[in-house]
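Visitor: I would like to learn how to read a structure that has several chains. Please show it to me and take it one feature at a time.

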Amino acid sequence: MNIQFASFNEILAMGGHGLYVWVAVTVSVAVLAALLVVPWQSHTRALNQVRLRLERHAGGSAEEGVD
Amino acid sequence: MVTEVKKWQWFYRLGSPRWFYEITGRWLPWLLCAASLLLASGLFWGLLVAPPDARQGNSFRIIYLHVPAAILALVGYYIMALAGAVGLIWRIKMSFMVMKSAAPIGAALTFIALFTGAVWGKPSWGTYWVWDARITSMLILLFLYLGVLALQRAFSSAEMAYRASAILALVGTINIPIIYKSVDWWHTLHQPATLKLTSASSIHIDMLQPLIVMICGFYVFYVVALCLFTRAEIIRREATSAWVRALVSNESSR
Amino acid sequence: MPELARTPSFLAYVRRDVLLAYRRLGDTVAPLIFFTMVCTLVPLGLSPDPQRLSEIAPGIMWIMALLATLLSIERIFAFDFEDGSLEQLLIAPQLIALPVLAKIVAHWLVTGLPLTLLSPLLAMTLSLPTSAYPAMLLSLAIGSAYLSAVGAVGASLTVSLGRGGLLLPLLVVPLYMPIMIFGTATVFYAVDGLHWSGPLAAMGAMLCAALALCPLAAAAALRVTSA
């Protein structure tokens, strides 16, 4: 497995096409990361909302099934 | 009779949101590891190790993001439509939740495919946008995704939203081959030279191997993202059920 | 014993919708006026040079016809939804797909057909060569019928969401792209003197498929969104 580039600078330059390649990579990785972060946050938010509702009901009436 | 019921149990279990939630809760860390490994190694291999293309130099390396994204974008639409069909036919709410989750993922992947395609186009043909048959079809696919996303959010009743967007997804599915074929034909009318984004038939094995790794990585990533979105949707829709409340109170008591 | 409904009921539905459209003449004629007006935007916005206009005339006319149809497809179910007759249609003991097909036919009779008949006038203003007129008429006639059919599916999905939004055009425009590709190709072929029966046949095939499938899809969507 031999790397095609001799130095880090060469990796950044990509033979003149560095800007295109790295912009494409950055944007793609950013979108993929967002596809993980957004649902995770949404999930946490949903759980928190359930927790809030539970606490409200537990603190309020003592009756069961008053949903 | 009992063995017959046992055979289909996996299908009905799949329809239980609680079972899906618990199973994905256990499998997600492993799937995420697998996806990260595949994507990281594939990117390293493709960006740094694979030999540069004779004609396009190093800009061809964008292929390692463009092609897998495009493949998953198209496959993702069919997954979304299939989930919608299953939900409509067998009335399985779980299937609708998967369908709803597939929409934003597919739209994002289509965007990646279009963006990387445009960025690749500049060094290869001197312009950011080329009305190439494949790119144009991908753009129309993005519109189809956006339509499903918009329709999903337009209804106040969740049940209506699910079923309407399932129907729209199915209508889109029938149209996708028509769209691809007609755009292909249109392109041959107006462009004398066929500009191919990937000459797949003549791709060298040294360049092909990392591409396969990336495609596999994207597939696993898709499953991870789908599970994450679906789990959030499950909590939202099943918020009043006993198991969710038990789950939340167990977590808060820890 | 009263006779059970036979095929006349299909024509009765068509007649009803055409009559209702005639009673709302303003709404019905508006797409045609829109078509005429935006076709005059082109020379104003680009150039009045006949040579340049004739090069793009087929595409312009098709795009404008498509936009004009887009404005009118909401009407297929919206008025009936508002006054409750759509609900009556849905609970009647019959195949919903048949009245839906009747509504598609009526919509075409009231929108697509007049557009087609109006097109030679506009083609003249856009310097389309007269040799291409037959191709243009046929392509618009078949194409606009397809637009009505596919548009009905979009209209059925959004019927309960209130009128005047852009959601319906958003859903339907990607589905309109293939027929437009073949429609404009038909006229361009005719302008260049080539055989234009090929793309026209493709359009015919698409129309047949649409007439068979769209009423079913629209009926299913109506049951979901307005029941």
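Guide: What follows is a set of questions about this predicted model, each with a reply.

Visitor: How many residues of chain A are in contact with chain B?

Guide: A general remark comes before the counts. The size of an interface is often given as the accessible area lost when the parts come together. Here we count residues instead. On chain A, 31 residues are in contact with 36 residues of chain B. Helix 2 of chain A, residues 18–59, gives the most to that side, with 21 residues. By type, the side of chain A that touches chain B holds 21 nonpolar, eight polar and two charged residues.

Visitor: What does chain A contain apart from that side?

Guide: Chain A has two helices and zero strands. Of its 67 residues, 18% count as buried.

Visitor: And how many helices and strands does chain B have?

Guide: Chain B has eight helices and zero strands. Its pattern along the sequence is α-α-α-α-α-α-α-α. The C-alpha atoms of chain B fill a box of roughly 60 × 40 × 40 Å along the principal axes. Of the 254 residues of chain B, 45% count as buried. Take the contacts in chain B with a separation of 6 or more: 79% of them join residues 24 or more positions apart.

Visitor: Where does chain B touch chain C, and which helix gives the largest share?

Guide: In this pair, 20 residues of chain B are in contact with 19 residues of chain C. Helix 5 (133–154) and helix 6 (158–190) of chain B each supply at least two residues of the side that touches chain C. The largest share, 13 residues, comes from helix 6 of chain B. That side divides into 16 nonpolar residues, three polar and one charged.

Visitor: How do I read the form of helix 6 of chain B, and where does it bend?

Guide: Start with the general idea. An α-helix has 3.6 residues a turn, so residues three or four places apart point the same way. Now the case. Helix 6 of chain B has 33 residues and reaches 45 Å from its first C-alpha to its last, close to the 48 Å expected at 1.5 Å a residue. The helix bends by about 35° at B:N175, and the proline B:P177 follows within four residues.

Visitor: Is B:V213 buried or exposed?

Guide: B:V213 is buried because 22 other C-beta atoms lie within 10 Å, and the cut-off for buried is 20 or more. B:V213 lies in helix 7 of chain B, residues 205–237. Leaving aside neighbours within four places in sequence, B:V213 is in contact with B:L38, B:S41, B:G42 and B:W45. B:S41 is 172 residues from B:V213 along the chain, yet their C-alpha atoms are separated by 7.9 Å.

Visitor: Which residues touch the most other members of the largest nonpolar core?

Guide: This core has 167 residues, and those touching the most other members are B:I167, C:M61, C:Y146, C:V150, C:A152 and C:A221. Helix 4 of chain B, residues 93–125, gives the largest share of the core, 17 residues. Not counting residues up to four places away in sequence, C:M61 touches C:C39, C:S119, C:L122, C:A123, C:L126 and C:M136.

Visitor: What should I know about phi?

Guide: Most residues other than glycine have a negative phi, and most peptide bonds are trans. Phi of B:R91 is near 55°, a positive value in a residue other than glycine. B:R91 is found in the loop between helix 3 (63–90) and helix 4 of chain B, and counts as exposed with 11 C-beta neighbours inside 10 Å. Phi of C:S127 is also positive, near 60°. C:S127 is in the loop between helix 6 (97–125) and helix 7 (133–158) of chain C, and is partly exposed, with 17 other C-beta atoms within 10 Å.

Methods:
Residues numbered from 1 in each chain as written. Chains lettered and ligands numbered in written order. Predicted model: local features only at pLDDT ≥ 70, side-chain atom pairs only at ≥ 80, totals over all residues. Contact = placed C-beta atoms within 7 Å. Nonpolar A, V, L, I, M, F, W, Y, C, P; charged D, E, K, R; others polar. Buried ≥ 20, exposed ≤ 12 C-beta atoms within 10 Å, placed from the backbone. Expected span 1.5 Å × (residues − 1). Bend = angle between axes of the 7 residues up to and from the residue. Core = buried A, V, L, I, M, F, W, Y, C linked by C-beta atoms within 7 Å.
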